[in-house]
Amino acid sequence: MLFAHDTECALVAAAALVNTVGDPDGLPDVAALDAFFATHGWSGRHEHTDAELRQVRALRPRLRRIWYADTDEVVAIVNGLLRESHALPQLVRHDDEPYHVHAVPQDAPLATRMAVEAAMAMADLVRMGELSRLRHCDHPDCDNVLVDLSRNRSRRFCEAGCGNRAAVSAYRARRAAASHS
Ligand SMILES: [Zn+2]
Ligand SMILES: [Zn+2]
């Protein structure tokens, strides 16, 4: 494990949230947000409302910028998110999880908690000099971002199946080359 478990989970969730931006949008309605909430093990306040959905969707471009920013810009975004959310780090224990850090209460709005968890995790990356873990999918047709948590920094593709797509294209290219020789 490179980072604390809660940091790694928050990084993966932030990348997944950023990757819901697209056409079609990955968070089209409240049901999609419910599914995202469950998939990434969120707990606490969840309103199932359009207002909540709008707040979460509005957070995405801000988080996405982190993947395109240099260190000073990342710091500005992270500090801004923490300041606006009145973040106050506290060690907490809930459900079956061991002690970990929350910086806003569990009854804060979902979008606020998503913003703060992402910001706290990004703060860890900055402190450890590991912002290069924030990468872009290598597939030429893909705009997704990823977090490379592999020990040898070998991750190239996002979680949308681009690794498989690239392998299939490479296989077809080899077959085509072989049949022309
Ligand atoms: Zn928690
Ligand atoms: Zn991809």
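Is His94 buried or exposed? At 16% relative accessibility, His94 falls under the 20% limit and therefore counts as buried. The structure discussed here is a predicted model.

**The chain as a whole**

The chain contains 6 helices and 4 strands. Read from the N terminus, the order of these elements is α-α-α-α-β-β-α-β-β-α. Along the principal axes, the C-alpha atoms fill a box of roughly 65 × 35 × 35 Å.

The chain has 181 residues, and 38% of them count as buried. Among contacts with a separation of 6 or more, 51% are made by residues 24 or more positions apart. The accessible surface is about 10,400 Å², and carbon and sulfur atoms account for 53% of that area. As for charge, there are 21 positive and 25 negative side chains, with the centres of the two sets 7 Å apart.

**The zinc site**

The zinc ion (ligand 1) has His94, His100 and His102 as its protein donors, each through its NE2 atom, at 2.0 to 2.1 Å. The spacing of these donor residues in sequence is H-x5-H-x1-H.

With a relative accessible area of 63%, Asp95 is over the 50% limit and so counts as exposed.

**Backbone features**

Most residues other than glycine have a negative phi, and most peptide bonds are trans. Which residues here have a positive phi without being glycine? His86, with a phi of about 50°, is one of them, and Asp95, with a phi near 45°, is another. His86 sits in the loop between helix H4 (71–84) and strand E1 (90–92). The relative accessible area of His86 is 66%, and His86 is therefore exposed.

The peptide bond from Asp23 to Pro24 is cis, with omega near 5°. Pro24 belongs to the loop between H1 and helix H2 (30–39).

The residues with a stated accessibility are set out below.

| Residue | Relative accessible area | Class |
|---|---|---|
| Ala4 | 40% | partly exposed |
| His86 | 66% | exposed |
| Asp95 | 63% | exposed |

**The start of the chain**

Where does Ala4 lie? Ala4 is in the segment before helix H1 (5–18). Its relative accessible area of 40% is between the limits of 20% and 50%, so Ala4 is partly exposed. Ala4 and Asp124 are 120 residues apart along the chain, while their C-alpha atoms are separated by 9.2 Å.

**An annotated region**

An unreviewed UniProt entry annotates residues 133–175 as "domain: Zinc finger CGNR". In the model, this span is 33% helix and 14% strand, and the C-alpha atoms at its ends lie 34 Å apart.

Methods:
Residues numbered from 1 in each chain as written. Chains lettered and ligands numbered in written order. Predicted model: local features only at pLDDT ≥ 70, side-chain atom pairs only at ≥ 80, totals over all residues. Heavy atoms only, no water. Helix = DSSP H or I, 4+ residues; strand = E, 2+ residues; numbered from the N terminus. Buried < 20%, exposed > 50% of the residue type's maximum accessible area, 1.4 Å probe, protein only. Contact = heavy atoms within 4.5 Å. Areas by Shrake-Rupley, 256 points an atom, 1.4 Å probe, with all protein chains shown as cover. Lys, Arg positive; Asp, Glu negative; His and termini not counted. Charge placed at Lys NZ, Arg CZ, Asp CG, Glu CD. Donors = N, O, S within 2.8 Å, 3.2 Å for Na, K, Ca; no water. UniProt positions renumbered as here; feature names shortened; annotations may be inferred.
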